[in-house]
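These are my notes from a first look through a structure that is new to me.

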Amino acid sequence: MNPTPTLASAAEASPAAGAVSLERNRRRVALVILSRYGTLIGLTAMVVAFTIRAPTTFLTLPNFLNILNQSSLTAIIAAGLTMTLVVGEFDLSIGYVASFAGLIVVGFIARDGLPMLLAVPLVLLIGAGIGTTSGFLVTKVRINAVIATLGIGTILVGAGFAYSAFPIAAGVPAEFVQISLGKPVFGIPNPILIMVVVLAILWVILNKTDLGQKMQAVGGNIEAARLSGIRVDRVKMFAFATAGVCAALTGTLLSSLLGSGTLAAADGYLLDAFAAVFLGSATLRDGEFHIVGTLVGVLIIAVGFNGLSIFGAPTFFQPIFKGAILVLAVGLSTLARRYAKA
Amino acid sequence: MQSESSSAWLQVRGLSKSFGGARALSEVDIDIHRGEVHGLVGANGAGKSTLIRCLAGITAPDTGSVTIDGDDVRISQPRDAEVAGLAFIHQELNLVPHFTAVQNILLGAPKVTRAGIINWKKSRKVAYAAAERIGVQFSLERRVEDLSVAERWLVMISKALVRNATMIAMDEPTASLSDHESAQLFRVIRDLSRDGVAILYVSHRLDEVLELSDRITVFRDGRVTETAVRGQLDKRGLIRAIVGREVIAAVRQDRKATPGTEPLFEAKHVARGSAVKDVSFTLYPGEVLGLGGLVGAGRTELARLAFGADKLEAGSFELRGRPLQPNSVPRAVANGIGLVPEERRSEGLMLEKSVSYNMNVAVLRSLRSVPGLPFLSSSKTRARSNRLVDQLQIKTQNINEPIGGLSGGNQQKALIARWLTPGIQVLFLDEPSRGVDIGARQEIHQAIRDLADRGVGAIVISSDVEELAALCDRVVVMCEGLVSGEVSGDEVTEQNIIELSYAHLQTQGESA
């Protein structure tokens, strides 16, 4: 057997390798920039490209407000999902929670005659309850999150059918529709304002409160968090509850937008939310989930869709674009990070 | 006893292996004869396991050769070892729990085939023959998960025999066996040895090694320091060979006498599973109490119990005379108990997070800007971090850099800093200077003593007897889940701690 190179021989070789290592260092910095800012660069590139190609339609205030308005529901539900991913879990029920919430909020108002100011908070509370239940199943009963949240979601699908079997008196009050159509401040649509408020609250919780720091600790190293005296299960349950509230809010806003409670209306938000959150994890930080990143993720998809529709691309391009950009962005940033370390 | 070393069946020559800068094996020569029982002893990290891993083809040595019957053999993967007739039984037995004993014995073994189709009937006969050879009494059709540990060992030995092993290495075979089961295993070992199967017997239980072995090889710091034939060494001599010195003077002169004050923290007959059987000890304020013993003695498990990380099965803990119950980590922390865990990276650090974050994660509530509101004060956070970085001389560019970039010693200091709060009363430190350079080690020791000078009770778990002798006022030694003794004052010497660490048979006899 041949002796392998020792430390001494490696040290002898290093002075000659000085120039090479400088070059390598430069490459490493470039890779770090790519892995952290790649998604932002991509977003900017899309905006610039669309502006050049369609200056009169794309680069207008109404179009921008339109993009934000369309993104706001996804952003809210995705921000909630971000919270569960921060603590190292995930929630597959959010789309179904949103659909279910959208049904019952309309039912409460139109059929049961509850005042809107009571019905909406009640539905958000139910969302929190559903999330907490998932959290309880995952942490205390220790059911795998895939099974627990898929199970809860499937139950909600059935519950939605059961609920809508009773005819809902046609027509929701105009004030309910106004939640999403109103533009009280500077003509900015309500959903954008709601999104800003929700994201701001979640950002503050995650970054400025001890609860948020504990959530990050749980996601960072659960055993270390536990041995630091953090009540890991409670922290996780809070994250699930938050995801539930955000999903219920998205469902409520969607029903307001549609003017009715529709079965399975919000199911599709599940995949959009996951796509946005994972795009966001490849933004600014190394694979960590965070609110600002999630917003960037949502915007990338929204701007892309907007561009596709302005240029009249057929609808089937939308899912292709969504899937491709997700795999591309997350894949590239993972690769860049790996090579930056090596 | 067999013949001269020149005719040894297996010869290892000049085997060396380094991990990073650390030499795990250095120019090791060892001979194994056909049919001998060969004991391997040495302290933790002396090189026994590395030798076994090299022979098993799990670790590739840097230099050295292995010959069997005079032929060079190259063992670069586990399969090579198997072909060479070497079998290895590690403590965590590699068995498939829901397979039957016979399925496990035949798993991966060459089976009797005809035209490529396995002849199960004949294959099973081979398995049964092997089991019969070592006197297996239980049914081989039972699932392994339903078998006792002793029975699983017999399954592992049968598995080795089916593969025509000429040497079987056993790592701590009696660690979880009763006295009766151990005696049964010893009979099997002697029978095999008579049949010409060599046994490489690795154990901390020196009495067993002395009783069974035809020859004993002692490892220290990666070298073979002694090779003795049966009868040449007694237990005392073996311990001397393991430690390398006879008597070591007490290093610490300013050791505090056993304080006459009220106890700060007490363990009363605490127990959990087979790791912690019945442990009582008392800690006084301002004391550095060592917990000595071998790896696996139950010390880490004891610390986790005291910290509420695992559930107590019997006994109780008391803090200043008041019982600590129910046990949970948040409750322990609220009571001023801290733990610096043994596994720094997996149980202590959030590697991607900043130095500051890692130091503050256990005391977030105290860093709120207004008590009662959940918002953190960045100025309080920064102030605490900077103060602790100065106090513990943590070498870091910036308190906001990821802690993963710091050296092991500085990471460890940050973990100690995590618990430096006004309310801390008892701090457990599990292997506080493992993988830490000598300078940082002294700074860590100083930090522990400073803490004790402030009235905190520090409990240091260490497998490094030198560290215990240098640092502690008093040392409680554990052995297999029991307290095997306690030394204080001038009795805190390496020799005394080691003797108590190897006190197996005495304590077992007494408790039985």
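**Entry 1: a covered helix**

I started with helix 9 of chain A, which is mostly covered, with nine of its 11 residues buried. I call a residue buried if 20 or more other C-beta atoms lie within 10 Å of its own, exposed if 12 or fewer, and partly exposed in between, with C-beta atoms placed from the backbone. Helices (H or I, at least four residues) and strands (E, at least two) are DSSP runs, numbered from the N terminus.

I am working from a predicted model, where local features need pLDDT of at least 70 and side-chain atom pairs count only at pLDDT 80 or more, while totals for chains, interfaces and linings use all residues. Residues are numbered from 1 along each chain as its sequence is written, and chains are lettered from A and ligands numbered from 1 in the order in which they are written.

I listed the buried residues of helix 9 of chain A: A:Gly212, A:Gln213, A:Lys214, A:Met215, A:Gln216, A:Ala217, A:Val218, A:Gly219 and A:Gly220. What do they pack against? I found helix 3 (61–86), helix 8 (190–208), helix 10 and helix 11 (232–258) of chain A.

**Entry 2: helix 8 against helix 9**

Two packed helices are described by the angle between their axes and the distance between the axes. I looked up helix 8 and helix 9 of chain A: their axes come within 5 Å and cross at roughly 70°. That makes helix 8 of chain A roughly perpendicular to helix 9 of chain A. Axes here are lines fitted to C-alpha atoms, for helices over the stretch in contact, and angles run from 0 to 180 degrees between N-to-C directions. Angles under 35 degrees count as roughly parallel, over 145 as roughly antiparallel, 65 to 115 as roughly perpendicular and the rest as oblique.

Which residues make the contact? Helix 8 of chain A brings A:Ile205, A:Leu206, A:Asn207 and A:Lys208, and helix 9 of chain A brings A:Leu211, A:Gly212 and A:Met215. Two residues are in contact if their C-beta atoms, placed from the backbone, lie within 7 Å. I sorted this contact into four nonpolar, two polar and one charged residue. Ala, Val, Leu, Ile, Met, Phe, Trp, Tyr, Cys and Pro count as nonpolar, Asp, Glu, Lys and Arg as charged, and the others, Gly among them, as polar.

**Entry 3: the side facing chain B**

I then turned to the partner chain. I found 20 residues of chain A in contact with 28 residues of chain B. On the chain A side, helix 9 (210–220) and helix 10 (222–226) each supply at least two residues. Helix 9 of chain A gives the most, with six residues. By class, this side of chain A has seven nonpolar, seven polar and six charged residues.

**Entry 4: helix 4 against helix 12**

The axes of helix 4 (residues 94–111) and helix 12 (residues 269–281) of chain A come within 7 Å and cross at roughly 135°. That makes helix 4 of chain A oblique to helix 12 of chain A. A:Ile94, A:Gly95 and A:Ala98 of helix 4 meet A:Tyr269, A:Leu270 and A:Ala273 of helix 12.

**Entry 5: one glycine**

I picked A:Gly244, which sits in helix 11 of chain A. Is A:Gly244 buried or exposed? It counts as buried because it has 31 C-beta neighbours inside 10 Å. A:Gly244 and A:Gly131 are 113 residues apart in sequence, yet 4.4 Å apart in space, C-alpha to C-alpha. Leaving aside neighbours within four places in sequence, the contacts of A:Gly244 include A:Val97 and A:Gly127.

Chain A has 14 helices and zero strands. Its C-alpha trace spans about 85 × 55 × 35 Å along its principal axes. Of its 342 residues, 45% count as buried.

Chain B has 18 helices and 22 strands. Its C-alpha trace spans about 80 × 50 × 45 Å along its principal axes. Buried residues make up 46% of its 512 residues.

**Entry 6: a helix in chain B**

Eight of its eight residues are buried, so helix 9 of chain B is largely enclosed by the rest of the structure. Among these buried residues are B:Arg299, B:Glu301 and B:Arg304. B:Gly308 follows helix 9 of chain B, and its phi is positive, near 80°.
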